[in-house]
Amino acid sequence: MLSVEKNRLLCSVDAGTPGGELFRSMWLPALLSAQLPNPGCSPVRLKLLGEELLAIRVGSGKAGIIQSRCAHRGAPLFFGKMEEEGIRCAYHGWVYDENGKCTEMMNEPNKNLCRNVKMRSYQVQEKAGIVWVFMGSGEPPALPKFPWIDLPQDQFLATVWLQETNWFQGAEGEIDSSHVSCLHRTNANATSTRVHRHYTYSDPSPKYFIRDTNAGFMSIARRNADNEFYWRITQWMAPMFSLIPSAAWPIGGRAWIPIDNENTYCWDFSYSKDQPLQQPFLDFVAKGAAFPPEYEYKPHQLNTGSMIDTWIPRRRMDNNYLIDRELQQTFSTTGIYGVNDQDRAMQEGMGRIADRSKEMLISSDIAIVTARRRVLDILEAEGGIAKFRERIADGTAFAVDPVDVVLPMDGVDDFLAAQGLA
Ligand code: FES
Ligand SMILES: [Fe+2]
């Protein structure tokens, strides 16, 4: 459990808070490049770390992320007209380029005045089909060297959608290995040929081990697997990146990027290091059976008032995630269709910001406790964020791999040595 004060510290991302500073010390995935498909296309409304933003792609093809409201009198630039060098505010015609620089004031006779206007804008770069943003000050670090970041396009798939909780609630679900055997259990798991499904079903109470890495830690789970052991290493990187192992399916990684304190962009990164993503996997993804959920790209007004343009899940709290009680009795724990729908039903149902002062944690929550401790250590320690910035400066702290394997040894150190991770 966490005190109310520590929970607030962990969950707050607004400018001026320690959490806000932590997120502003790293490159964040902001939107898919495909959301800005060509120069002059429709702008995209974003909210990140409590700030309302607008993503545009100007005539040169460059993407930019600028404040969402016009510097003149605060009209929403989203309704502006895209022109060669920027976006023209629909209200009185001021024009802004991709760096937020005002280049024209239609209703001002002094043509030099616009030189004094510079809106808030952030550094961006595009890589792996993603527009990345750095919202901090000072020298940005290198982009994280995730194992997927340089893969050919046909070996990697990034998707993003809305989760209506604080970011940490989603991030916790990612490393909460023991829920898989319950929440995501179906009758099909027992006969699955995908090794991890079979063994997570047959041994629902694994033994957990934690080992630190440069950016976070490995959560290691050992399950009984006939006469051997089924080992899984999930990689967690502060404050909210993960890589989830899979022996017979593309690997999945996720990021929980705070929209504000009560809403989150959930990112999924699926990849295969040695071959193109295969059609059965792409068909599975298209059904919304796991990550992403079944969803629709559309404008959405958040409970906190802001408008954003992103993918909105079809199964939501206000339709009970389309639970099928009959299916729940006969086939699956939840009767809810997709894996992410099942996760969101639990995590969104805990409230926008879970009250962690009213929990009863047990030994299988060790990875969650460790993640909280790691983030709080960064936020609370004198110079903690500066030290974290040093650790991630060249991006290599994120160059780690998850593991999913059946082996005879039962000792964690022997297992790690066999993987070259001792
Ligand atoms: S509010 Fe945008 S130009 Fe006046
Ligand atoms: Fe889950």
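Which residue of β10 is the bridge partner of K127? In the predicted model, that partner is I130. Residues are numbered from 1 along each chain as its sequence is written, with chains lettered from A and ligands numbered from 1 in the order in which they are written.

Strands β9 (residues 121-127) and β10 (residues 130-134) pair in the antiparallel sense over 5 bridges; strands are DSSP runs of E of at least two residues, and helices runs of H or I of at least four, each numbered from the N terminus. Pairing requires at least two DSSP bridges between two strands. The two strands form a hairpin with 2 residues between them, and A128 in the turn has a positive phi of about 60°. Strand β9 is also joined to β4 (residues 63-67), antiparallel, by 2 bridges, and here I65 is partnered by Y122 of β9.

Helix α3 (residues 167-174) is mostly covered, with 8 of its 8 residues buried (20 or more other C-beta atoms within 10 Å of the residue's own, C-beta atoms being placed from the backbone). Among them are W167, F168 and E172.

The axes of α9 (residues 366-380) and α10 (residues 384-392) come within 6 Å and cross at roughly 115°; axes are lines fitted to C-alpha atoms over the stretch in contact, with angles from 0 to 180 degrees between N-to-C directions. The contact (C-beta atoms, placed from the backbone, within 7 Å) involves D377, I378, L379 and E380 of α9 and G384, I385 and F388 of α10.

Methods: Predicted model: local features only at pLDDT ≥ 70, side-chain atom pairs only at ≥ 80, totals over all residues. Buried ≥ 20, exposed ≤ 12 C-beta atoms within 10 Å, placed from the backbone. Contact = placed C-beta atoms within 7 Å.
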